[in-house]
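Here is a short tour of a protein model, written for someone new to reading structures. Keep the 3D view open and follow along as we go.

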Amino acid sequence: MNKILAIYFSGPGVLDYPFNHRFYLESYAELIDYWAERGLKAVIVRGDSYQGEGIFTSHSIWNGETYVAVNEPIKAALIWNRDSENTIPRIDDCPILNHPDFDELCRDKFKSYEKLKEISGRSFLLQSYDDGVAHFSEFTGEKIVLKPRFGEGAYGVYVLEAD
């Protein structure tokens, strides 16, 4: 049985994001070591290396000290999408965590709102400042939250007083 987990990141370089931050470099190393102790091989795959059927043209491995490029194809049994730039191709021929349909729902705030209206706060898609001004009077709460339609990590989020 193929027990290879391919962890996909956007940037093509072995030490590109997130490994250019020590915290992430070490955190993924701990996960990879943990899985290895349990018989699962985890590799890092990046950029445009996907060929189909779970095969990537190259990958990198954690060698206990750093991540090292391996310029050989590898076939994954499972792909974990950790793409930060929305560059992963649509993959329907290999199991994938954070499937593109789910990932799109998570990244698109307005699509999330439309899908989850019954449990979401009232939301409007604004195209201009004037759109915002027109809708501000419709809110009854004390605060208004503005956020970009796309993105993650609370970047570009503003919390305003409603009055």
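## A charged pair on a helix

At 34% relative accessibility, E26 counts as partly exposed. Please keep in mind throughout that this is a predicted model. Which residue does E26 form a salt bridge with? Its partner is R22, and the closest N and O atoms are 2.6 Å apart. R22 counts as exposed, at 65% relative accessibility.

Where do the two sit along the chain? E26 and R22 are four residues apart in helix α1, which means that about one helical turn separates them. As a general idea, side chains of opposite charge can pair when their charged atoms come close.

How many salt bridges does a search of the whole structure find? The search finds eight. Among them is the one where the side chains of R107 and D103 meet, at 2.8 Å from N to O. R107 and D103 are four residues apart in helix α2, so about one helical turn lies between them. Are these two buried or exposed? Both R107 and D103 are buried. Salt bridges that share partners also join R90, D92 and D101 into one network.

Now find R38, which takes part in two contacts worth a look. The side chain of R38 meets that of E37 in a salt bridge, at 3.4 Å from N to O. The charged end of R38 also sits over the ring of Y34, 3.5 Å from the ring's centre. R38 counts as partly exposed, with 48% relative accessibility, while E37 is exposed, with a relative accessible area of 64%.

## Rings that meet

A pair of aromatic rings is described by the distance of the centres and the angle of the planes. In this model the count comes to eleven aromatic pairs. One of them joins F19 and Y67, which are stacked: their centres are 4.0 Å apart, with 10 degrees between the planes. F19 lies in the loop between β1 (4-9) and α1 (22-37) and Y67 in strand β6 (residues 67-70), so this pair ties together parts that are 48 residues apart in sequence. Both F19 and Y67 are buried.

F23 and Y24 make an edge-to-face pair, with 5.3 Å from centre to centre and 75 degrees between the planes. F23 is exposed, at a relative accessible area of 59%, and Y24 is partly exposed, at 32%. To see how ring pairs can link up, highlight F9, F19, Y28, W35, W62, Y67 and W80, which they join into a cluster.

Rolling a probe the size of a water molecule over the atoms shows where empty space is left. The largest pocket has a volume of about 680 Å³. Its lining is made of 24 residues, and K109, S123, F124, V145 and K147 lie nearest its centre. Which elements give two or more residues to this lining? They are α3 (109-115), α4 (129-136) and β10 (143-146). By type, the lining of the largest pocket divides into 13 nonpolar, six polar and five charged residues.

The second largest pocket has a volume of about 330 Å³. It is lined by 15 residues, with Y17, Y24, R82, S84 and E152 nearest its centre. Helices α1 and α2 (100-107) each supply at least two residues of this lining. Here the residues divide into six nonpolar, four polar and five charged.

How values were computed:
Residues numbered from 1 in each chain as written. Predicted model: local features only at pLDDT ≥ 70, side-chain atom pairs only at ≥ 80, totals over all residues. Heavy atoms only, no water. Phe/Tyr/Trp six-rings, centres within 6.5 Å; stacked < 30°, edge-to-face > 60°. Buried < 20%, exposed > 50% of the residue type's maximum accessible area, 1.4 Å probe, protein only. Lys NZ or Arg CZ within 6 Å of the ring centre and 35° of its normal. 1 Å grid on protein atoms, 1.4 Å probe; cavity = no way out; pocket = protein on both sides within 12 Å on 5 of 7 lines; lining within 4 Å. Points joined across faces, edges and corners; volume = space filled by probe spheres on them. Nonpolar A, V, L, I, M, F, W, Y, C, P; charged D, E, K, R; others polar. Salt bridge = Lys/Arg side-chain N within 4 Å of Asp/Glu carboxyl O.
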